[in-house]
Structure formats: C-alpha cells, structure tokens
Amino acid sequence: MPATGSLEVITGPMFSGKTDELIRRLRRARIARQKVQVFYPAVDSRYAESGFGKVTSHAGAEFDAAPVRAAQDLLRLVEDDTSVMAIDEAQFFDDDILRVVERLVAGGVRVIAAGLDTDFRGEPFGPVPALMAQAERLDKLQAICMQCGEPASRTQRLIGGKPAGAHDPVVVVGAGELYEARCRAHHKVPRE
Ligand code: ADP
Ligand code: MG
C-alpha cells in the first residue's frame, strides 16, 4: 500500500520565518533518511541575485532547490522515491498548483508549501489561500512590526520610503523597493 500523503502549509507575511520553518522540517526529513525535493517559482528574482539553486531565509539558512516555470512541471520533476516535496514562495504559482498538489498527495507524497497569504495590499495572494483550505496542517506565522514591535501579520510595501498605493502592480520583481513587516494598525495602503 502506498504511504499516505498530506499537505502542510506555512504562511504569514514577509520576515515571519516561513523559509526558516520550511528548512527546519526539511532537515528533519533528511535526518529520517527521507528523500526530499525542493522547488521555487522561476519568477522569484531574489534567488537569482543570491545564486540559483537554493531557497534562502532572511536569517541566512539555505537549502538546495530547483526553479520551476509552471506548477505542472512539478509532476514531471518529482522522482519515484521522493517522500517530501517542498515548495517555497508558493504565491507566485498559477492555480494549477492546487491540482498538482492534490495529485502528489494522492500519490503518497508529503507536500510542504510555504508562501505569502496576502499581498502588500492585504488581499489574498494567488493560490495560497486555497492551499490553506486544502491543508491537513496549517501554520500562520507572524513577524515583528517594524513600527511598534508587536506581532506583524502584514507586509508593508514602501516606494521611496512611502506606503505604496493600492493600484501599484502586485508583483514588481527585482525593483529597488522595500518591504517590511507590520501589524494591522500600522499597515497602510493609500487608496485614491
Ligand atoms: P519569510 O520566509 O517568512 O520571509 P525568513 O524565514 O526568510 O522569513 O526569515 C525570518 C528571519 O528574518 C527571522 O528569523 C529574523 O532573523 C529575520 N527578520 C528580519 N526582520 C524581521 C521582522 N520584522 N520580524 C521578524 N523577523 C525578522
Ligand atoms: Mg521566505
């Protein structure tokens, strides 16, 4: 009988420790001698800057990983003896990721997906909210608000030091802007 698969989702704003937590679980799987494969969407340029082939956390942890262009590619890339498949920055995948994850889990794989649940406007981000609904296990992490030091559940986008407007594009890959974690009270999205 094939092993029972499951989906774990790790979510929360930027700097909440999603990638650190993902890497912690992957290291434990390795200790258990389970085969692990790790992927990230090729659109995420942060990894291009720090060198392709790794997922990296803001605290400096890293784990070998491969870029994929589309969710469907994961079905081609998963190897027969893989027990754990991890996906970081899941918010950048298309909605195909939902069916792909379902297929992998049905095939006995433990899938761990990390990603932002909301964008800088505080709106649901890509397929992550739907993945959260599918998950057996869900961890919603908080960062620290850079304004007041309270727990932060949101990602503030700053352009030239000022809060970015609601109508600025959601994904600006590699632009010289700044993101910081903020609590609900200090999260600002000018709408005009
Ligand atoms: P995520 O993947 O959610 O963006 P990471 O795992 O990459 O988060 O990074 C988490 C680390 O970021 C923390 O352990 C801490 O060292 C660092 N960090 C920097 N700014 C903050 C912040 N505002 N709140 C919490 N941690 C922060
Ligand atoms: Mg991360």
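An oxygen atom of ligand 1 is 2.9 Å from an N or O atom in the side chain of Thr19. The model is predicted, so local features need pLDDT of at least 70 and side-chain atom pairs count only at pLDDT 80 or more, whereas totals for chains, interfaces and linings use all residues. Residues are numbered from 1 along each chain as its sequence is written, chains are lettered from A and ligands numbered from 1 in the order in which they are written, and side-chain values use heavy atoms, without hydrogens and water.

**Exercise 1. Polar contacts**

Step 1. On the side-chain level, a polar atom of Lys18 lies 2.7 Å from an oxygen atom of ligand 1.

Step 2. On the backbone level, a polar atom of Ile144 is 2.9 Å from a nitrogen atom of the ligand.

Step 3. Of the 580 Å² of accessible area that ligand 1 has on its own, the protein covers 75% (Shrake-Rupley method, 1.4 Å probe).

**Exercise 2. The shell around the ligand**

Describe the residues around ligand 1, counting a residue if one of its heavy atoms lies within 4 Å.

Step 1. There are 15 such residues, and Phe15, Lys18, Asp20, His58 and Ile144 come nearest.

Step 2. By class, the shell holds eight nonpolar, five polar and two charged residues; Asp, Glu, Lys and Arg count as charged, and Gly is among the polar ones.

Step 3. Helix H1 (18-31) and strand E9 (143-144) each supply at least two residues, with H1 giving the most, namely three. Helices here are DSSP runs of H or I with at least four residues, and strands are runs of E with at least two.

Step 4. Domain 1 (6-141) and domain 2 (144-182) each contribute at least three residues to the shell; their bounds come from an automatic or database domain assignment. The centres of the two domains, taken over C-alpha atoms, are separated by 22 Å.

**Exercise 3. The sheet**

In which order do the six strands of the open sheet lie?

Step 1. The order is E5-E2-E6-E7-E1-E8, with parallel pairing (at least two DSSP bridges between two strands).

Step 2. Strand E5 (66-68) and strand E8 (137-140) form the edges, each pairing on one side only.

Step 3. Within the sheet, E6 (residues 84-87) is joined to E7 (residues 110-115) by four bridges, and Ala86 stands opposite Ile112 in E7.

Definitions and conventions. Near = heavy atom within 4 Å. Polar contact = N/O pair within 3.5 Å; in protein donor to acceptor, adjacent residues only side chain to side chain.
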